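Look over the model, then read the points below.

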Amino acid sequence: MRGLVTRAFTARRIELLRPFAQAVTDELLEEMAKGPRPADLNEALAFPLPILVICRLLGIPPEDRNRFRGLVDGFLSVTKLPPEKVEECRTGLWSYLVELIAFKRANPSDDLISDLIRVRDEDDNRLSEHELHFWTQSLLIAGYVTTASQIGTGTAVLLHRQDLVEEIRADYSLVPSAVEELLRAQIMGSSIGTLRYALADIELSDGTVIRSGSSVLLSEESANMDESVFSDPFTLDIRRKENHHMTFGAGIHYCVGAALARMELQVATETLLRRFPDIDLAVAGEDLPRGLGGFMEGFSEIPVVW
């Protein structure tokens, strides 16, 4: 199943999406420039950009974006919404995808959902109907929420550090390494998502043994601050050369959408700083409101002025 999806996220295919992402970003920022100040960067750029890009990749009608955004937000609620509302959003999202896949079956096009439907219908052993719907749901959720949160909070961190902004403006070739450093320092999910079970006894370097059958919560946050891997890990260094962070996972669980996320983060960061030379947070970084009660972490609002 992973092999089927990975083909849609090749570096070449993602680069072909870059002009589209750039055009969307330019349009969103132009609208932001015409609007009131301060503007909420979440609503102006961080969320719309990944939503429109994943719509393009999967083949979802862009006019549906507000509908599924609300359903996904409820789907990812932990304590933000009452249980009955969460269930309503989860069943609503699944029903929406059932309708969408039925439409795509009747009207196939050059997009990832249509590709998966063809695999499902032409080779019944490779993908069940449930797996087809599950993968579509997973790609929709993972394809925009994590990137949207990272665009918002990563930008907030940069604007909080205007010295780093000036460093980038003096040399925009630093954008890719700045994006990687912000990914290392700002994990937008929770380590609770990496619950694993030991299938055998595992002896650690200090002699501790994780017994077979034990459940283990792995902390990417800790791994990304490992002093044996990163020099001066608690310093935000946008020129860091060796940056093998764990934010996208590793091995067979490495995020299939990593290239897509990196591309969007690079486009959003560079375009924002070029378009608004004096952009800054409208409030102190410490006063940004936290987004609470959801699986994804970040700020519920990021007011900016220019």
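Buried means under 20% relative accessible area, exposed means over 50%, and partly exposed lies in between (1.4 Å probe, protein chains only). This is a predicted model, in which local features need pLDDT of at least 70, side-chain atom pairs count only at pLDDT 80 or more, and totals for chains, interfaces and linings use all residues. Residues are numbered from 1 along each chain as its sequence is written, and side-chain values use heavy atoms, with hydrogens and water left out.

**Cysteines**
- The structure holds zero disulfides (pairs of cysteine sulfur atoms within 2.5 Å).
- Cys-89 is in no disulfide; its nearest cysteine sulfur belongs to Cys-55, 17 Å away.
- Cys-89 counts as buried, because its relative accessibility is 5%.
- Cys-255 is in no disulfide either. The nearest cysteine sulfur is that of Cys-55, 18 Å away.
- Cys-255 is partly exposed, because its relative accessible area is 32%.

**Helix pair H8 and H12**
- Helix H8 covers residues 129–160 and helix H12 covers residues 258–275. Helices here are DSSP runs (H or I, at least four residues), numbered from the N terminus.
- The two pack at an angle of about 40 degrees, with axes 10 Å apart. Axes are lines fitted to C-alpha atoms over the stretch in contact, and angles run from 0 to 180 degrees between N-to-C directions.
- On the H8 side, the contact (heavy atoms within 4.5 Å) includes Thr-147, Gln-150 and Ile-151.
- On the H12 side, Ala-261, Glu-264 and Leu-265 are among the contact residues.
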